[in-house]
Amino acid sequence: MRETRIKLNVNDVSDFVKAAAECDFDIDLKYNRILIDAKSILGVMSMDLNHVLTVKCYGENEAFENFLQKYAVA
């Protein structure tokens with residue numbers, strides 16, 4: 001499992017979900033105790049995008065990891 005902390009805005013959600021949907025493994029998006037499926041556009045839109053989110057990947061996909069680097073925070 002790999003975790004990456006990211007910051008999204010409303011305009012990025014569609015691209016994020018499309019990139020996640022291309023992966024053949026589970027990806028979760030987490031903030032505090034809220035955990036949602038990163039492949040669900042409604043789920044991602046329901047998150048509070050004003051905060052840093054944690055992406056948990058349960059597999060490896062180099063293209064998705066490169067995509068996440070655009071939104072990564074320290």
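Let's call a residue buried when its relative accessible area is under 20%, exposed when over 50%, and partly exposed in between, with a 1.4 Å probe and protein chains only. The model here is predicted, so local features need pLDDT of at least 70 and side-chain atom pairs count only at pLDDT 80 or more, while totals for chains, interfaces and linings use all residues. Residues are numbered from 1 along each chain as its sequence is written, and side-chain values use heavy atoms, with hydrogens and water left out.

Start with helix 3, residues 62–69 (helices are DSSP runs of H or I, at least four residues, and strands are runs of E, at least two, numbered from the N terminus). Glu-62 and Ala-63 are exposed on one side, while Phe-64, Glu-65, Phe-67 and Leu-68 are buried. Covering them are, among others, strand 1 (2–6), helix 1 (13–21), strand 2 (27–31) and strand 4 (53–57).

Now for the rings, which pair if their centres lie within 6.5 Å, counting the six-membered ring for Trp; planes under 30 degrees apart are stacked, over 60 edge-to-face, and the rest tilted. There are three aromatic pairs in the structure. The Phe-64 and Phe-67 rings have centres 6.4 Å apart and planes at 20°, so this pair is stacked. Phe-64 and Phe-67 sit three residues apart in helix 3, about one turn. Ring pairs join Phe-16, Phe-64, Phe-67 and Tyr-71 into a cluster.

Methods:
Contact means heavy atoms within 4.5 Å.
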